[in-house]
Amino acid sequence: QNDTIEERQFHVYRKRSIWGASGTFAILGMAFGPIGVAFGIAFGALVGTCIGSILDFNKDRLDARGATQQREKLRYFTRIAQYRFNCAESHGERLGVVLETIRQFAPFANMASAKESATAAHVLKLLFQFINRDAVNDVLWRYMDDFVQNW
């Protein structure tokens with residue numbers, strides 16, 4: 001009952017496999033009477049634990065690989081955004097680059113606030129480094145001034 005959200009998500013396949021295999025082997029053990037059913041449930045739980053553990057491990061490994069690829073993609077995107085920001089001549093072009101960069105980081109911002117994920121917070125430091133530049137701050141302040149004046 002005291003599992004965290006991450007631990008509960010990790011054991012999803014294990015729990016499903018235990019119930020499925022236990023039920024299957026219990027039905028197969030009915031031919032041998034109540035003792036066969038009991039042994040079928042125990043053997044099914046063991047088989048289900050093994051299969052579920054393997055499936056959970058593979059799912060966790062694939063999720064970690066996807067998160068690593070997403071972090072690398074955002075690092076690359078941030079470098080491109082810095083280059084595009086420096087090459088942009090008008091305020092509108094620069095603002096577009098800044099807003100697109102912020103939009104790319106939105107899923108990590110949601111993840112960092114919901115789960116208090118250290119990885120998401122680390123990725124958001126890339127966005128902070130991009131926005132913390134004086135030229136980007138000037139563009140954002142000008143955008144806010146225009147927004148307030150038009151409101």
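Contact here means heavy atoms within 4.5 Å. The model is predicted. Ser 22 is found in helix H2, residues 12–28. Leaving aside neighbours within four places in sequence, Ser 22 is in contact with Ser 17, Gly 40, Ile 41, Gly 44 and Ala 45. A polar atom of the Ser 22 side chain lies 3.4 Å from the backbone oxygen of Ile 41.

Is Ser 22 buried or exposed? Ser 22 counts as buried because its relative accessibility is 8%, and buried means under 20%.

## The largest nonpolar core

The largest nonpolar core has 17 residues. Those with the most contacts inside this core are Phe 85, Val 98, Phe 105, Phe 130, Ile 131 and Val 136. At least two residues of the core come from each of helices H3 (33–87), H4 (91–104), H6 (118–131) and H7 (134–150). H6 supplies the largest share, six residues.

Phe 85, once neighbours within four places in sequence are left aside, is in contact with Arg 94, Val 97, Val 98, Arg 133, Ala 135, Val 136 and Val 139.

H6 has 14 residues and reaches 20 Å from its first C-alpha to its last, close to the 20 Å expected at 1.5 Å a residue. Its buried residues are Ala 120, Val 123, Leu 126, Leu 127, Phe 130 and Ile 131. They lie on the same side of H6, because they cover an arc of only 135° around the axis. On the other side of H6, the exposed residues are Ala 118, Lys 125, Phe 128 and Gln 129.

How values were computed
Residues numbered from 1 in each chain as written. Predicted model: local features only at pLDDT ≥ 70, side-chain atom pairs only at ≥ 80, totals over all residues. Heavy atoms only, no water. Core = buried A, V, L, I, M, F, W, Y, C linked by side-chain atoms within 4.5 Å. Buried < 20%, exposed > 50% of the residue type's maximum accessible area, 1.4 Å probe, protein only. Helix = DSSP H or I, 4+ residues; strand = E, 2+ residues; numbered from the N terminus. Expected span 1.5 Å × (residues − 1). Arc of directions from axis to C-beta. Polar contact = N/O pair within 3.5 Å; in protein donor to acceptor, adjacent residues only side chain to side chain.
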